[in-house]
Amino acid sequence: MRKILTLMMILCTFIIAGCSDTVNNDTVRYALEAEPATLDPGKSTALAESNVELALFEGLTRLDENEQPQPAAAEKWEISTDGTEYIFHLRDGLVWNDGTPLTAYDFEYAWKRVLNPETASENAYMMYPLLNGEEYFSQKKTIDEVGVKALDDKTLFVKLKAPITYFLNLTSFHCYYPVPKHVVEKDPEIWAANDKIVSNGPFVLTRWIHSNQLQFVKNDKYWDKDNVKLSTMLWPISESQSTRVSMVESGQANLTVEPPISEQDRLTKAGLYHISPYFGAYYYSFNTAKAPFDNPKVRKAFSMAVDREMLVNNIIKGGKKPAYAWVPPGLKNPATGVDFREEGGNFVEYNPEKARELLAEAGYPNGENLPPITILYNTNEMNKAVAEIIQAMWKDNLNVNVELLNQETKVYLDARNQGNFQVARASWVGDYADPMTFMDIYLDKNNDGQYHNPAYNELVSAAQNTNDQAIRMEKMHEAEKILMDDAVVLPIYYTTQPYIVQPYVKGYRWSILGTIDFKEAYIEEQTP
C-alpha cells in the first residue's frame, strides 16, 4: 500500500494538469524544452530562458507580429537627427510586481549591470552600441561614462557611439529589460533562480520546481493587464522530444516545440503539427585553439565531408534548409531589395574527395595521426541523431574515428563557454532582424570558437559604425567570406520552428527570432 501511495505522489508531480488546484481550464501549458539555467535577463543566453523572461519581463519596446518594436515600458521617444541620441519617456504608474515603483533608474542600473565586468555577462556585447559601453566592459572607461542615464524617474537618455539602424529592436531584447535593483542587490546570485523573482511583465512566476515545472499567474500590476487574457500558465519541463509530445497528446501540455521527426507525418494527420519561420542556424562550432582544428585545412576538410542534403532530407526534415554559408536567408538588403543570403551565395560544398586532399595537406593522409576527436552535444534526440550521422560521414569520407559526448544543457553550455571542446553542436537565432546579429558573435571578445582575425574584426566594426545601409551590407558580405574561408563554423541547416499545438490554443505569437509571446494568448471555449 505504501508503494502505491508513493507512486501516486510521484505521478502527481508529473501529471501536472490533474494535480494543481491553482490551475484553471483556460491555462496554457507550454512544455518547455530545457530547465532554465537562470532567469536573470542580463545573464541568460538560451531560448528556453528567453521565452520565460518574455512572459515575466518587458523592456522599453515589445516586438509586434511584424517584428517591429512598439511602445511598451516606454510610451514614446525622440531620436536626434544624427541617430545617436534617444530620449525615452516611461509610462505613468509603472511598478514591479511587488508594488515597488519602476523608474528610468532601473533601466540605467540594468544596462550598466550587464556591462559591468564583475557581472561577467555573456550579453555584454549587446550593449556595445552604447557610448563607451565596450570601453567600460574592458575597464578603459568608468561606469559614469557609459551612454545611458536616467534624467528623472520617467526619462531615460541614451547616447550611442554610432547610429544604429536597429537600436529600437535591441531595446526589446532580454538583456535590455529592467531589473529590480532593490531586489538584485540584496541577493545578486539567486534573485532570479527561484519563484520569488520580481518582474514587470504580463505574468508573475509563482512556482518553480526545478527540472519539472514553472507556474505563472497574470500580473495584475502590469500596465497593459487588460490585454492579458490568461489567468494562469503552467509549463512542464522536459528535454525529451518524445516526452513533450506525449504531454501534449495526453493533456499535460497543449503546446511544445521540436517534435521528433519520426512523428511528423502522424502529428500532421492529427492536425497538431505546424512550422513557423525562424531566423536561425544549426551548426558545429570548431575550437580553433585546439588540435586538430587549429588548422583551417582540417576544419575545411571536416566541413566538406558533411552531406547536408542527405541530413536535411532524411533526418532533420521539418522544412529546414541545408546551410552552405553563415547568415540565414530571410532578410533583404535595404539598399538593393535582394535577400542577403542570395546576394552572398554559398561558401561550402559537399566534396569528400577534396576533403581528403585537404586533410592530407594538413598532415593527416587517410585520417592517420589525428588526435582523438569528440563531438560535444546537449541532450536531445535530434542532436544525437545528427551527431551519429556526422560521425558516420566522417568515418566513411575521411577515415576518422569520432567519439560522441552528450551532456545536459546547463553542463554543455558551460563547457562551450569555457572552451572545453574540440567541435560542439551549436545553434544561433538572431537577437534582432539584421545580419549583424550573426556577424558580431565571432568578434574577438565574443566567441567560444577562440577565433581572432583582425581583418574580420575591422570589417564588422566598419559595418557597425555607419548608418549607410549599402556600406553596412557590403562590409558584412566581405566579413562573412573571411569567416567561411577560415572555416570557423560548420553550417548544417537553416532553422524553422516546428511545433505542435492543440487547436484550441489561440493568440500566441512566434517571432522569427525564436521566442513565443503569450501576452495575448487564450484558450478557445470548446463546444461539448
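Two residues are in contact when heavy atoms of theirs lie within 4.5 Å. The model discussed here is predicted.

By that contact criterion, N287 touches F293, D294, G419, F421, Q422, G449 and Q450, with residues up to four places away in sequence left out of the count. N287 sits in the loop between strand 13 (280-286) and helix 9. Buried means under 20% relative accessible area, and N287, with a relative accessible area of 1%, is therefore buried. G430 is 143 residues from N287 along the chain, and the C-alpha atoms of the two are separated by 22 Å. The loop between strand 13 and helix 9 also holds P292. A cis peptide bond joins A291 and P292, with omega about 5°.

Helix 9 (residues 296-304) packs against helix 12 (residues 352-361) at an angle of about 160°, and the two axes are 8 Å apart. Angles over 145 degrees count as roughly antiparallel, which makes helix 9 roughly antiparallel to helix 12. Their crossing is left-handed. On the helix 9 side the contact is made by K297, V298, K300, A301, F302 and M304, and on the helix 12 side by P352, K354, A355, L358, L359 and E361. Sorted by class, the contact of helix 9 with helix 12 has eight nonpolar, no polar and four charged residues.

The crossing of helix 10 with helix 13 is right-handed. From helix 10, M310, L311, I315 and I316 meet M382, A385, V386, I389, I390 and M393 of helix 13. The contact of helix 10 with helix 13 divides into 10 nonpolar, no polar and no charged residues.

Helix 2 (residues 47-56) is a case of burial along a whole element. Nine of its 10 residues are buried, so helix 2 is largely enclosed by the rest of the structure. The buried residues are A48, E49, S50, N51, V52, E53, L54, A55 and L56. What covers them includes strand 1 (30-31), strand 2 (61-63), strand 8 (203-209), strand 9 (213-218), strand 10 (232-236) and strand 22 (516-517).

Next come the charged pairs. A search of the whole structure finds 18 salt bridges. One of the salt bridges is between the side chains of E85 and K159, at 3.4 Å from N to O. This pair links distant parts of the chain, since E85 is in strand 5 (residues 85-90) and K159 in strand 7 (residues 155-159), 74 residues apart. E85 is partly exposed, with a relative accessible area of 31%, and K159 is partly exposed as well, at 23%.

K161 forms a salt bridge with E134, and the closest N and O atoms are 3.7 Å apart. K161 lies in the loop between strand 7 and helix 5 (167-170), whereas E134 is in helix 4 (residues 133-137), so the pair ties together parts that are 27 residues apart in sequence. K161 counts as partly exposed at 33% relative accessibility, and E134 is partly exposed with a relative accessible area of 22%.

A salt bridge within one helix joins E388 and K384, whose closest N and O atoms are 2.6 Å apart. What separates these two residues along helix 13? E388 and K384 are four residues apart in helix 13 (residues 381-398), and are therefore separated by about one helical turn. An α-helix has 3.6 residues a turn, so residues three or four places apart point the same way. E388 is partly exposed at 34% relative accessibility, and K384 is partly exposed with a relative accessible area of 40%. Elsewhere, salt bridges that share partners join E58, R62, R509 and D517 into one network.

Two backbone positions remain. N132 has a phi near 65°, a positive value in a residue other than glycine. N132 is placed in the loop between helix 3 (104-115) and helix 4, and at 14% relative accessibility N132 counts as buried. A487 has a positive phi of about 50° although A487 is not a glycine. The loop between helix 17 (469-485) and strand 18 (489-494) contains A487, which counts as buried at 4% relative accessibility.

Methods. Residues are numbered from 1 along each chain as its sequence is written. This is a predicted model: local features need pLDDT of at least 70, side-chain atom pairs count only at pLDDT 80 or more; totals for chains, interfaces and linings use all residues. Side-chain values use heavy atoms; hydrogens and water are left out. Axes are lines fitted to C-alpha atoms, for helices over the stretch in contact, and angles run from 0 to 180 degrees between N-to-C directions. Angles under 35 degrees count as roughly parallel, over 145 as roughly antiparallel, 65 to 115 as roughly perpendicular and the rest as oblique. A crossing is left-handed if the near helix is turned anticlockwise from the far one by less than a right angle, and right-handed if clockwise. Ala, Val, Leu, Ile, Met, Phe, Trp, Tyr, Cys and Pro count as nonpolar, Asp, Glu, Lys and Arg as charged, and the others, Gly among them, as polar. A salt bridge is a side-chain nitrogen of Lys or Arg within 4 Å of a carboxyl oxygen of Asp or Glu. Buried means under 20% relative accessible area, exposed over 50%, partly exposed in between (1.4 Å probe, protein chains only).
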